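Please keep the sequence and the model in view while reading.

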Amino acid sequence: MKNISKKSLLALVVICFLIVSCSEKQDKSLPRSIPEAEGVSSRSIITFLDSASASKHEFHSFMFLRHGKVIAEGWWNPYRADLVHTLNSASKSFTSTAIGLAVKEKRITVDDKVISFFPEYAPDTVSENLAGLRIKDLLSMSAGLGREPSRIVTTNTDPWVKTFLAQPVVNKPGSQYMYNSTASYILSAIITKVTGQSVLEYLRPRLFDPLGIEGADWETDPEGINTGGWGLRLKTEDLAKFGQLYLQKGKWNGKQILTEAWVEEATTVKMQQRPDITQAQRDSLHDGLQGYCYQFWRAKHNSYQANGANGQFVVVIPEKDAVIVFTANSTDMWGEIGMIWDYLYPALQDAPLPLDEVASSDLNQKLVSLAMPVPPKKNNDSLSSVISGKTITFAENDRKYKGLSIRFEDETCNITLQTDTADFDFSFASGKWNYAETKKHGPSIFSYSANNQNGLPPFKLACAYSWPDENTLELTLGYIENVQWEKIILRFDPADKTKVLTEFGTTATPPSRNYKIEGTI
(Lines give C-alpha, C1' and ligand atoms only; values in the text may rest on other atoms or scores of the structure.)
Protein backbone atom coordinates (compact mmCIF):
# COMPACT_ATOMS: atom_id res chain seq x y z
CA MET A 1 0.00 0.00 0.00
CA LYS A 2 2.94 2.35 0.62
CA ASN A 3 3.75 2.51 -3.11
CA ILE A 4 0.21 3.42 -4.19
CA SER A 5 -0.02 7.09 -5.13
CA LYS A 6 -2.82 9.32 -3.84
CA LYS A 7 -4.14 9.56 -7.40
CA SER A 8 -4.26 5.79 -7.77
CA LEU A 9 -5.86 5.40 -4.37
CA LEU A 10 -8.51 7.96 -5.29
CA ALA A 11 -9.19 6.11 -8.53
CA LEU A 12 -9.54 2.85 -6.59
CA VAL A 13 -12.02 4.48 -4.20
CA VAL A 14 -14.06 5.83 -7.14
CA ILE A 15 -14.13 2.39 -8.79
CA CYS A 16 -15.28 0.78 -5.55
CA PHE A 17 -17.96 3.41 -5.16
CA LEU A 18 -19.22 2.83 -8.70
CA ILE A 19 -19.29 -0.94 -8.14
CA VAL A 20 -21.30 -0.50 -4.94
CA SER A 21 -23.62 2.05 -6.58
CA CYS A 22 -24.28 -0.20 -9.56
CA SER A 23 -24.87 -3.13 -7.23
CA GLU A 24 -27.35 -1.10 -5.18
CA LYS A 25 -29.11 0.06 -8.34
CA GLN A 26 -29.29 -3.51 -9.60
CA ASP A 27 -30.69 -4.67 -6.26
CA LYS A 28 -33.53 -2.17 -6.60
CA SER A 29 -34.71 -3.71 -9.88
CA LEU A 30 -36.46 -7.02 -10.31
CA PRO A 31 -34.44 -9.69 -12.13
CA ARG A 32 -35.17 -10.14 -15.84
CA SER A 33 -35.57 -13.34 -17.83
CA ILE A 34 -37.05 -14.50 -21.14
CA PRO A 35 -40.55 -16.01 -21.28
CA GLU A 36 -39.55 -19.50 -22.44
CA ALA A 37 -37.00 -19.90 -19.63
CA GLU A 38 -39.85 -19.41 -17.17
CA GLY A 39 -42.34 -21.66 -18.92
CA VAL A 40 -44.22 -19.10 -21.00
CA SER A 41 -44.40 -18.87 -24.78
CA SER A 42 -43.41 -15.54 -26.31
CA ARG A 43 -46.08 -16.16 -28.93
CA SER A 44 -48.79 -16.16 -26.25
CA ILE A 45 -47.68 -12.74 -25.03
CA ILE A 46 -47.66 -11.45 -28.62
CA THR A 47 -51.23 -12.73 -29.00
CA PHE A 48 -52.22 -10.86 -25.84
CA LEU A 49 -50.60 -7.64 -27.06
CA ASP A 50 -52.30 -7.93 -30.45
CA SER A 51 -55.62 -8.49 -28.71
CA ALA A 52 -54.98 -5.53 -26.42
CA SER A 53 -54.31 -3.37 -29.46
CA ALA A 54 -57.58 -4.45 -31.06
CA SER A 55 -59.61 -4.10 -27.84
CA LYS A 56 -61.54 -1.13 -26.47
CA HIS A 57 -59.10 -0.88 -23.54
CA GLU A 58 -56.54 1.92 -23.39
CA PHE A 59 -53.50 0.26 -21.85
CA HIS A 60 -50.75 2.41 -20.38
CA SER A 61 -48.32 -0.23 -19.08
CA PHE A 62 -47.92 -3.96 -18.61
CA MET A 63 -45.52 -6.13 -16.62
CA PHE A 64 -45.52 -9.93 -16.44
CA LEU A 65 -43.57 -11.78 -13.71
CA ARG A 66 -42.96 -15.52 -13.50
CA HIS A 67 -40.93 -17.17 -10.74
CA GLY A 68 -39.98 -13.72 -9.46
CA LYS A 69 -38.53 -12.53 -12.79
CA VAL A 70 -39.85 -10.01 -15.28
CA ILE A 71 -40.44 -11.84 -18.56
CA ALA A 72 -42.29 -9.08 -20.44
CA GLU A 73 -42.79 -5.37 -19.87
CA GLY A 74 -44.04 -2.51 -21.96
CA TRP A 75 -45.33 1.05 -21.86
CA TRP A 76 -47.61 2.59 -24.44
CA ASN A 77 -45.82 5.78 -25.45
CA PRO A 78 -46.04 8.53 -24.14
CA TYR A 79 -46.27 6.56 -20.87
CA ARG A 80 -42.82 5.52 -19.63
CA ALA A 81 -41.12 3.22 -17.14
CA ASP A 82 -39.68 6.12 -15.16
CA LEU A 83 -43.04 7.82 -14.57
CA VAL A 84 -45.38 7.24 -11.66
CA HIS A 85 -49.03 6.46 -12.41
CA THR A 86 -52.17 7.29 -10.45
CA LEU A 87 -53.48 4.07 -8.90
CA ASN A 88 -57.01 5.12 -7.95
CA SER A 89 -58.37 2.44 -5.60
CA ALA A 90 -55.36 0.15 -5.94
CA SER A 91 -54.04 2.55 -3.30
CA LYS A 92 -56.29 0.76 -0.81
CA SER A 93 -54.10 -2.36 -0.82
CA PHE A 94 -51.13 -0.28 0.34
CA THR A 95 -53.24 1.21 3.14
CA SER A 96 -54.17 -2.33 4.16
CA THR A 97 -50.47 -3.19 4.16
CA ALA A 98 -49.80 -0.29 6.52
CA ILE A 99 -52.43 -1.71 8.85
CA GLY A 100 -50.72 -5.11 8.65
CA LEU A 101 -47.39 -3.56 9.59
CA ALA A 102 -48.96 -1.72 12.51
CA VAL A 103 -50.49 -5.01 13.68
CA LYS A 104 -47.06 -6.62 13.39
CA GLU A 105 -45.62 -3.85 15.59
CA LYS A 106 -48.47 -4.39 18.09
CA ARG A 107 -49.63 -0.81 17.74
CA ILE A 108 -53.16 -1.92 16.89
CA THR A 109 -55.32 -5.01 16.38
CA VAL A 110 -58.01 -5.45 13.74
CA ASP A 111 -60.57 -5.84 16.55
CA ASP A 112 -59.89 -2.36 17.92
CA LYS A 113 -62.93 -0.08 17.88
CA VAL A 114 -62.66 2.78 15.40
CA ILE A 115 -64.28 5.32 17.72
CA SER A 116 -61.57 4.71 20.32
CA PHE A 117 -58.99 6.42 18.13
CA PHE A 118 -61.01 9.60 17.64
CA PRO A 119 -62.86 10.53 20.84
CA GLU A 120 -62.54 14.21 19.88
CA TYR A 121 -64.65 13.60 16.77
CA ALA A 122 -67.28 11.33 18.27
CA PRO A 123 -70.87 12.51 17.70
CA ASP A 124 -72.90 13.59 20.73
CA THR A 125 -74.76 10.29 20.58
CA VAL A 126 -72.74 7.23 19.66
CA SER A 127 -75.02 4.53 18.29
CA GLU A 128 -74.54 0.89 19.17
CA ASN A 129 -73.44 0.15 15.62
CA LEU A 130 -70.88 2.97 15.55
CA ALA A 131 -69.55 1.88 18.93
CA GLY A 132 -69.09 -1.63 17.55
CA LEU A 133 -67.32 -0.58 14.34
CA ARG A 134 -63.89 -2.28 14.20
CA ILE A 135 -60.81 -1.84 12.05
CA LYS A 136 -61.57 -5.19 10.39
CA ASP A 137 -64.97 -3.83 9.28
CA LEU A 138 -63.28 -0.94 7.52
CA LEU A 139 -60.79 -3.33 5.93
CA SER A 140 -63.51 -5.64 4.61
CA MET A 141 -65.86 -2.94 3.29
CA SER A 142 -68.52 -3.83 5.83
CA ALA A 143 -68.65 -0.64 7.90
CA GLY A 144 -72.44 -0.67 7.97
CA LEU A 145 -73.14 2.71 6.40
CA GLY A 146 -76.28 2.98 4.30
CA ARG A 147 -74.56 4.69 1.37
CA GLU A 148 -71.10 5.46 0.05
CA PRO A 149 -70.22 8.78 1.75
CA SER A 150 -67.09 9.87 -0.14
CA ARG A 151 -68.59 13.02 -1.66
CA ILE A 152 -70.18 14.05 1.64
CA VAL A 153 -67.00 13.42 3.63
CA THR A 154 -64.49 15.01 1.25
CA THR A 155 -66.47 18.17 0.49
CA ASN A 156 -67.48 19.00 4.06
CA THR A 157 -65.69 21.88 5.78
CA ASP A 158 -65.39 19.81 8.98
CA PRO A 159 -62.47 17.37 9.35
CA TRP A 160 -63.08 14.30 7.21
CA VAL A 161 -62.85 11.95 10.21
CA LYS A 162 -65.55 13.90 12.06
CA THR A 163 -67.83 13.89 9.02
CA PHE A 164 -67.36 10.15 8.50
CA LEU A 165 -68.20 9.34 12.13
CA ALA A 166 -71.34 11.48 11.84
CA GLN A 167 -72.76 9.23 9.09
CA PRO A 168 -75.51 6.83 10.22
CA VAL A 169 -74.28 3.27 10.69
CA VAL A 170 -77.54 1.63 9.68
CA ASN A 171 -76.35 -2.00 9.55
CA LYS A 172 -74.39 -4.03 12.06
CA PRO A 173 -70.70 -3.66 11.14
CA GLY A 174 -69.29 -6.79 9.56
CA SER A 175 -72.68 -7.98 8.31
CA GLN A 176 -73.00 -6.52 4.79
CA TYR A 177 -70.63 -5.54 2.00
CA MET A 178 -70.72 -1.99 0.69
CA TYR A 179 -67.79 -0.45 -1.14
CA ASN A 180 -66.66 2.64 0.74
CA SER A 181 -63.54 4.60 -0.18
CA THR A 182 -63.68 6.79 2.91
CA ALA A 183 -63.53 3.66 5.07
CA SER A 184 -60.05 3.28 3.60
CA TYR A 185 -59.36 6.92 4.42
CA ILE A 186 -60.25 6.23 8.07
CA LEU A 187 -57.69 3.38 8.08
CA SER A 188 -55.11 5.93 6.93
CA ALA A 189 -56.21 8.33 9.67
CA ILE A 190 -55.81 5.55 12.27
CA ILE A 191 -52.21 4.98 11.12
CA THR A 192 -51.53 8.69 11.47
CA LYS A 193 -53.16 8.79 14.91
CA VAL A 194 -51.12 5.90 16.35
CA THR A 195 -47.79 6.65 14.64
CA GLY A 196 -47.76 10.42 14.20
CA GLN A 197 -46.89 9.85 10.54
CA SER A 198 -48.80 9.79 7.30
CA VAL A 199 -49.25 6.37 5.71
CA LEU A 200 -46.69 7.35 3.08
CA GLU A 201 -44.14 8.28 5.77
CA TYR A 202 -44.93 5.16 7.75
CA LEU A 203 -44.56 2.85 4.74
CA ARG A 204 -41.34 4.35 3.44
CA PRO A 205 -38.81 2.64 5.79
CA ARG A 206 -40.97 -0.46 6.32
CA LEU A 207 -42.11 -1.23 2.76
CA PHE A 208 -40.88 1.15 0.09
CA ASP A 209 -37.20 1.32 1.06
CA PRO A 210 -36.74 -2.47 1.43
CA LEU A 211 -38.39 -3.00 -1.97
CA GLY A 212 -36.38 -0.22 -3.62
CA ILE A 213 -39.46 1.89 -4.33
CA GLU A 214 -38.60 5.56 -4.85
CA GLY A 215 -40.51 8.65 -5.89
CA ALA A 216 -43.89 7.67 -4.45
CA ASP A 217 -46.36 10.41 -3.57
CA TRP A 218 -49.88 10.34 -2.19
CA GLU A 219 -52.71 12.85 -2.05
CA THR A 220 -53.84 14.10 1.36
CA ASP A 221 -56.86 15.63 3.01
CA PRO A 222 -56.65 19.29 4.11
CA GLU A 223 -55.00 18.18 7.38
CA GLY A 224 -52.20 16.23 5.71
CA ILE A 225 -53.65 12.73 6.20
CA ASN A 226 -53.15 10.53 3.13
CA THR A 227 -56.43 9.80 1.39
CA GLY A 228 -55.91 6.06 1.85
CA GLY A 229 -58.52 4.87 -0.63
CA TRP A 230 -57.07 6.67 -3.64
CA GLY A 231 -54.35 9.10 -4.68
CA LEU A 232 -51.17 7.00 -4.40
CA ARG A 233 -48.81 7.23 -7.40
CA LEU A 234 -46.16 4.61 -8.14
CA LYS A 235 -44.21 3.26 -11.11
CA THR A 236 -45.25 0.05 -12.84
CA GLU A 237 -42.27 -1.91 -11.50
CA ASP A 238 -43.13 -0.72 -7.99
CA LEU A 239 -46.51 -2.39 -8.37
CA ALA A 240 -44.84 -5.55 -9.61
CA LYS A 241 -42.58 -5.60 -6.54
CA PHE A 242 -45.60 -5.17 -4.30
CA GLY A 243 -47.37 -8.10 -5.95
CA GLN A 244 -44.22 -10.23 -5.73
CA LEU A 245 -43.88 -9.43 -2.02
CA TYR A 246 -47.37 -10.80 -1.41
CA LEU A 247 -46.70 -13.80 -3.66
CA GLN A 248 -43.64 -14.52 -1.47
CA LYS A 249 -45.87 -14.36 1.61
CA GLY A 250 -44.35 -11.14 2.85
CA LYS A 251 -40.67 -12.05 2.46
CA TRP A 252 -38.18 -9.91 0.50
CA ASN A 253 -34.49 -10.63 0.07
CA GLY A 254 -34.58 -13.01 3.02
CA LYS A 255 -36.32 -10.55 5.33
CA GLN A 256 -39.91 -11.00 6.53
CA ILE A 257 -41.44 -7.58 5.73
CA LEU A 258 -45.01 -8.70 6.39
CA THR A 259 -45.95 -11.71 8.48
CA GLU A 260 -47.19 -14.74 6.58
CA ALA A 261 -50.24 -14.67 8.81
CA TRP A 262 -51.11 -11.14 7.67
CA VAL A 263 -50.69 -11.97 3.97
CA GLU A 264 -53.06 -14.90 4.44
CA GLU A 265 -55.51 -12.82 6.45
CA ALA A 266 -55.46 -9.88 4.05
CA THR A 267 -55.98 -11.89 0.86
CA THR A 268 -58.69 -14.36 1.80
CA VAL A 269 -62.43 -13.73 1.47
CA LYS A 270 -64.10 -11.77 4.25
CA MET A 271 -67.26 -10.57 2.48
CA GLN A 272 -69.16 -11.62 -0.63
CA GLN A 273 -70.28 -8.84 -2.93
CA ARG A 274 -73.25 -10.99 -3.98
CA PRO A 275 -74.05 -13.45 -1.17
CA ASP A 276 -77.30 -14.33 -2.96
CA ILE A 277 -75.63 -16.22 -5.83
CA THR A 278 -74.08 -19.67 -5.94
CA GLN A 279 -70.37 -20.33 -6.44
CA ALA A 280 -71.12 -21.75 -9.88
CA GLN A 281 -72.84 -18.50 -10.84
CA ARG A 282 -69.98 -16.51 -9.35
CA ASP A 283 -67.44 -18.47 -11.40
CA SER A 284 -69.34 -17.64 -14.59
CA LEU A 285 -69.33 -13.91 -13.83
CA HIS A 286 -66.58 -11.31 -13.71
CA ASP A 287 -63.75 -10.91 -11.22
CA GLY A 288 -65.56 -8.20 -9.28
CA LEU A 289 -67.82 -10.80 -7.68
CA GLN A 290 -65.28 -13.32 -6.39
CA GLY A 291 -65.19 -12.01 -2.83
CA TYR A 292 -63.61 -9.10 -0.93
CA CYS A 293 -60.67 -9.40 1.48
CA TYR A 294 -58.82 -6.70 3.43
CA GLN A 295 -58.66 -4.02 0.72
CA PHE A 296 -57.81 -6.73 -1.82
CA TRP A 297 -60.21 -8.54 -4.14
CA ARG A 298 -60.32 -12.23 -4.84
CA ALA A 299 -60.16 -13.18 -8.50
CA LYS A 300 -60.62 -16.27 -10.62
CA HIS A 301 -58.22 -19.24 -10.56
CA ASN A 302 -57.62 -18.86 -6.82
CA SER A 303 -55.86 -15.55 -7.35
CA TYR A 304 -56.26 -12.11 -5.78
CA GLN A 305 -55.78 -8.54 -6.88
CA ALA A 306 -55.26 -4.94 -5.97
CA ASN A 307 -57.36 -2.89 -8.35
CA GLY A 308 -58.27 0.68 -9.11
CA ALA A 309 -60.90 2.36 -11.25
CA ASN A 310 -60.30 2.36 -15.00
CA GLY A 311 -58.13 -0.73 -14.83
CA GLN A 312 -55.15 -0.40 -12.47
CA PHE A 313 -54.37 -4.01 -11.55
CA VAL A 314 -51.85 -6.04 -9.58
CA VAL A 315 -52.94 -9.66 -10.05
CA VAL A 316 -51.22 -12.31 -7.91
CA ILE A 317 -51.61 -15.93 -9.06
CA PRO A 318 -50.01 -18.13 -6.36
CA GLU A 319 -50.75 -21.49 -8.00
CA LYS A 320 -48.81 -20.40 -11.10
CA ASP A 321 -46.12 -18.35 -9.27
CA ALA A 322 -47.00 -15.32 -11.38
CA VAL A 323 -47.77 -11.63 -11.01
CA ILE A 324 -49.34 -9.50 -13.75
CA VAL A 325 -49.60 -5.71 -13.60
CA PHE A 326 -51.64 -3.32 -15.74
CA THR A 327 -52.11 0.43 -15.68
CA ALA A 328 -54.79 1.67 -18.02
CA ASN A 329 -57.78 3.84 -18.79
CA SER A 330 -60.47 1.27 -19.44
CA THR A 331 -64.23 1.71 -19.31
CA ASP A 332 -64.53 -2.07 -18.74
CA MET A 333 -61.97 -3.03 -16.12
CA TRP A 334 -63.41 -6.51 -15.64
CA GLY A 335 -63.12 -7.12 -19.36
CA GLU A 336 -59.53 -5.93 -19.11
CA ILE A 337 -58.62 -8.43 -16.38
CA GLY A 338 -60.52 -11.06 -18.37
CA MET A 339 -57.78 -10.80 -20.99
CA ILE A 340 -55.38 -12.31 -18.45
CA TRP A 341 -57.51 -15.44 -18.22
CA ASP A 342 -58.05 -15.57 -21.98
CA TYR A 343 -54.45 -15.12 -23.15
CA LEU A 344 -51.83 -15.13 -20.38
CA TYR A 345 -53.03 -17.60 -17.77
CA PRO A 346 -53.26 -20.53 -20.27
CA ALA A 347 -49.67 -19.82 -21.29
CA LEU A 348 -48.26 -20.54 -17.81
CA GLN A 349 -46.59 -23.94 -18.13
CA ASP A 350 -44.93 -25.97 -15.40
CA ALA A 351 -41.55 -26.43 -17.11
CA PRO A 352 -39.23 -24.25 -19.23
CA LEU A 353 -39.91 -24.21 -22.97
CA PRO A 354 -37.46 -24.40 -25.88
CA LEU A 355 -36.17 -21.01 -26.93
CA ASP A 356 -38.05 -19.56 -29.89
CA GLU A 357 -35.61 -16.95 -31.21
CA VAL A 358 -37.98 -15.60 -33.86
CA ALA A 359 -40.88 -15.21 -31.43
CA SER A 360 -38.58 -13.73 -28.80
CA SER A 361 -37.32 -11.14 -31.28
CA ASP A 362 -40.85 -10.36 -32.44
CA LEU A 363 -42.01 -9.92 -28.86
CA ASN A 364 -39.18 -7.57 -27.98
CA GLN A 365 -39.87 -5.49 -31.06
CA LYS A 366 -43.57 -5.29 -30.26
CA LEU A 367 -42.94 -4.32 -26.63
CA VAL A 368 -40.62 -1.44 -27.52
CA SER A 369 -42.98 -0.16 -30.23
CA LEU A 370 -46.11 0.06 -28.07
CA ALA A 371 -47.73 3.47 -28.44
CA MET A 372 -51.00 5.26 -28.08
CA PRO A 373 -52.25 6.89 -31.29
CA VAL A 374 -51.06 10.43 -31.88
CA PRO A 375 -53.73 12.88 -33.09
CA PRO A 376 -53.31 13.03 -36.88
CA LYS A 377 -51.31 15.81 -38.46
CA LYS A 378 -53.45 18.07 -40.61
CA ASN A 379 -53.04 21.68 -41.67
CA ASN A 380 -55.79 24.27 -41.66
CA ASP A 381 -54.04 27.45 -42.73
CA SER A 382 -57.23 29.21 -43.70
CA LEU A 383 -58.52 29.19 -40.10
CA SER A 384 -55.29 29.04 -38.11
CA SER A 385 -54.05 32.24 -39.76
CA VAL A 386 -57.28 34.01 -38.80
CA ILE A 387 -57.36 32.98 -35.14
CA SER A 388 -53.61 33.07 -34.40
CA GLY A 389 -52.82 35.87 -31.98
CA LYS A 390 -56.44 36.17 -30.90
CA THR A 391 -58.09 35.65 -27.52
CA ILE A 392 -61.42 33.96 -26.97
CA THR A 393 -63.36 35.56 -24.14
CA PHE A 394 -65.63 33.09 -22.38
CA ALA A 395 -69.12 33.71 -21.12
CA GLU A 396 -69.54 33.48 -17.36
CA ASN A 397 -69.22 29.85 -16.24
CA ASP A 398 -69.06 27.68 -13.11
CA ARG A 399 -65.45 26.66 -13.73
CA LYS A 400 -64.25 30.25 -13.54
CA TYR A 401 -62.52 30.04 -16.93
CA LYS A 402 -62.07 33.56 -18.29
CA GLY A 403 -60.65 33.03 -21.74
CA LEU A 404 -58.19 31.30 -24.02
CA SER A 405 -55.54 32.87 -26.25
CA ILE A 406 -54.14 31.09 -29.32
CA ARG A 407 -50.92 31.48 -31.27
CA PHE A 408 -49.67 29.25 -34.09
CA GLU A 409 -45.96 29.13 -34.81
CA ASP A 410 -43.83 26.52 -36.66
CA GLU A 411 -46.45 23.74 -36.47
CA THR A 412 -46.97 24.43 -32.79
CA CYS A 413 -50.20 25.66 -31.27
CA ASN A 414 -49.55 27.69 -28.13
CA ILE A 415 -52.46 28.50 -25.86
CA THR A 416 -52.96 30.30 -22.58
CA LEU A 417 -55.96 29.24 -20.53
CA GLN A 418 -57.02 32.10 -18.29
CA THR A 419 -58.82 31.39 -15.01
CA ASP A 420 -59.87 33.58 -12.12
CA THR A 421 -56.78 32.54 -10.13
CA ALA A 422 -54.00 31.75 -12.62
CA ASP A 423 -53.05 31.48 -16.29
CA PHE A 424 -51.80 28.17 -17.72
CA ASP A 425 -49.60 27.96 -20.82
CA PHE A 426 -49.53 24.91 -23.09
CA SER A 427 -47.73 24.08 -26.34
CA PHE A 428 -49.25 21.47 -28.66
CA ALA A 429 -47.31 19.77 -31.45
CA SER A 430 -48.75 18.65 -34.77
CA GLY A 431 -48.54 14.94 -35.55
CA LYS A 432 -46.36 14.22 -32.51
CA TRP A 433 -46.25 14.80 -28.77
CA ASN A 434 -44.82 17.90 -27.16
CA TYR A 435 -43.65 17.11 -23.62
CA ALA A 436 -44.11 19.65 -20.85
CA GLU A 437 -45.25 20.18 -17.27
CA THR A 438 -48.11 22.16 -15.76
CA LYS A 439 -49.47 23.13 -12.37
CA LYS A 440 -53.01 22.80 -13.69
CA HIS A 441 -54.67 19.81 -12.08
CA GLY A 442 -55.57 16.98 -14.41
CA PRO A 443 -58.72 14.85 -14.45
CA SER A 444 -59.45 12.85 -11.32
CA ILE A 445 -62.35 10.68 -10.17
CA PHE A 446 -62.08 12.60 -6.86
CA SER A 447 -61.83 16.05 -8.42
CA TYR A 448 -64.69 17.23 -6.20
CA SER A 449 -62.83 16.55 -2.96
CA ALA A 450 -61.18 19.25 -0.89
CA ASN A 451 -57.42 19.42 -1.42
CA ASN A 452 -57.61 17.24 -4.54
CA GLN A 453 -54.09 16.92 -6.03
CA ASN A 454 -52.80 19.85 -3.97
CA GLY A 455 -49.19 19.49 -2.89
CA LEU A 456 -48.19 17.19 -5.74
CA PRO A 457 -45.31 18.21 -8.04
CA PRO A 458 -46.05 19.73 -11.47
CA PHE A 459 -47.97 17.33 -13.69
CA LYS A 460 -46.19 15.89 -16.71
CA LEU A 461 -47.88 16.31 -20.07
CA ALA A 462 -47.81 15.07 -23.64
CA CYS A 463 -49.68 17.56 -25.85
CA ALA A 464 -50.81 17.47 -29.49
CA TYR A 465 -53.36 19.30 -31.62
CA SER A 466 -55.39 18.30 -34.64
CA TRP A 467 -58.13 19.53 -36.96
CA PRO A 468 -60.99 16.99 -37.09
CA ASP A 469 -62.69 19.24 -39.63
CA GLU A 470 -62.24 22.70 -41.11
CA ASN A 471 -64.07 24.43 -38.25
CA THR A 472 -62.86 22.39 -35.27
CA LEU A 473 -59.57 22.56 -33.36
CA GLU A 474 -58.95 19.71 -30.91
CA LEU A 475 -56.30 20.07 -28.20
CA THR A 476 -55.21 16.89 -26.37
CA LEU A 477 -53.54 17.18 -22.97
CA GLY A 478 -52.11 13.82 -22.00
CA TYR A 479 -51.56 13.78 -18.24
CA ILE A 480 -49.06 10.93 -18.48
CA GLU A 481 -48.85 10.27 -14.74
CA ASN A 482 -52.62 10.16 -14.57
CA VAL A 483 -55.33 7.78 -15.75
CA GLN A 484 -57.47 10.05 -17.89
CA TRP A 485 -56.57 12.67 -20.47
CA GLU A 486 -58.14 16.05 -21.08
CA LYS A 487 -59.44 17.46 -24.34
CA ILE A 488 -60.23 21.06 -25.23
CA ILE A 489 -62.32 21.29 -28.38
CA LEU A 490 -62.87 24.64 -30.10
CA ARG A 491 -65.84 24.67 -32.50
CA PHE A 492 -65.85 27.81 -34.64
CA ASP A 493 -69.12 28.99 -36.14
CA PRO A 494 -68.84 28.31 -39.90
CA ALA A 495 -70.64 31.56 -40.68
CA ASP A 496 -68.91 33.73 -38.09
CA LYS A 497 -65.44 32.66 -36.94
CA THR A 498 -65.58 35.13 -34.04
CA LYS A 499 -68.12 32.87 -32.31
CA VAL A 500 -66.65 29.81 -30.62
CA LEU A 501 -68.13 26.98 -28.57
CA THR A 502 -65.38 25.57 -26.33
CA GLU A 503 -65.82 22.07 -24.87
CA PHE A 504 -63.82 20.66 -21.98
CA GLY A 505 -63.87 16.91 -21.43
CA THR A 506 -61.78 13.84 -20.68
CA THR A 507 -60.98 10.71 -22.63
CA ALA A 508 -63.53 8.86 -20.48
CA THR A 509 -66.33 11.38 -20.99
CA PRO A 510 -68.73 11.07 -23.94
CA PRO A 511 -68.73 14.30 -26.01
CA SER A 512 -72.40 14.79 -25.15
CA ARG A 513 -71.36 15.32 -21.51
CA ASN A 514 -68.48 17.72 -22.15
CA TYR A 515 -68.56 21.02 -20.27
CA LYS A 516 -69.44 23.68 -22.85
CA ILE A 517 -68.69 27.41 -22.74
CA GLU A 518 -69.68 29.95 -25.38
CA GLY A 519 -67.06 32.50 -26.33
CA THR A 520 -66.24 35.31 -28.74
CA ILE A 521 -63.03 36.53 -30.31
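How many residues does helix α2 have, and what distance does α2 reach from its first C-alpha to its last? In this predicted model, helix α2 (residues 42–54) has 13 residues and reaches 19 Å between those two atoms, close to the 18 Å expected at 1.5 Å a residue. At the start of α2, the backbone nitrogen of R43 has a side-chain oxygen of S41 within 3.1 Å.

The buried residues of α2 are S42, S44, I45, I46, F48, L49, S51 and A52, and these buried residues pack against the strands β1 (58–66), β2 (69–75) and β11 (322–329) as well as the helices α13 (333–344) and α14 (357–368).

Two packed helices are described by the angle between their axes and the distance between the axes. For α2 and α13, the axes come within 9 Å and cross at roughly 145 degrees, and the crossing is right-handed. In this contact, S44, I45, T47, F48, S51 and A52 of α2 meet M339, Y343 and L344 of α13, and the residues involved divide into six nonpolar, three polar and no charged.

Q273 counts as buried because its relative accessibility is 13%, under the 20% cut-off. Not counting residues up to four places away in sequence, Q273 touches Y177, G288, L289, Q290, G291, Y292 and W297.

| Side chain | Backbone atom | Distance |
|---|---|---|
| Q273, polar atom | G288, oxygen | 3.1 Å |
| Q273, polar atom | G291, nitrogen | 2.9 Å |

Note on methods. Residues are numbered from 1 along each chain as its sequence is written. This is a predicted model: local features need pLDDT of at least 70, side-chain atom pairs count only at pLDDT 80 or more; totals for chains, interfaces and linings use all residues. Side-chain values use heavy atoms; hydrogens and water are left out. Helices (H or I, at least four residues) and strands (E, at least two) are DSSP runs, numbered from the N terminus. The expected span of a helix is 1.5 Å times one less than its number of residues. Buried means under 20% relative accessible area, exposed over 50%, partly exposed in between (1.4 Å probe, protein chains only). Contact means heavy atoms within 4.5 Å. A polar contact is a pair of N or O atoms within 3.5 Å; within protein, one must be able to donate a hydrogen and the other to accept it, and residues adjacent in sequence count only if both atoms are side-chain atoms. Axes are lines fitted to C-alpha atoms, for helices over the stretch in contact, and angles run from 0 to 180 degrees between N-to-C directions. A crossing is left-handed if the near helix is turned anticlockwise from the far one by less than a right angle, and right-handed if clockwise. Ala, Val, Leu, Ile, Met, Phe, Trp, Tyr, Cys and Pro count as nonpolar, Asp, Glu, Lys and Arg as charged, and the others, Gly among them, as polar.
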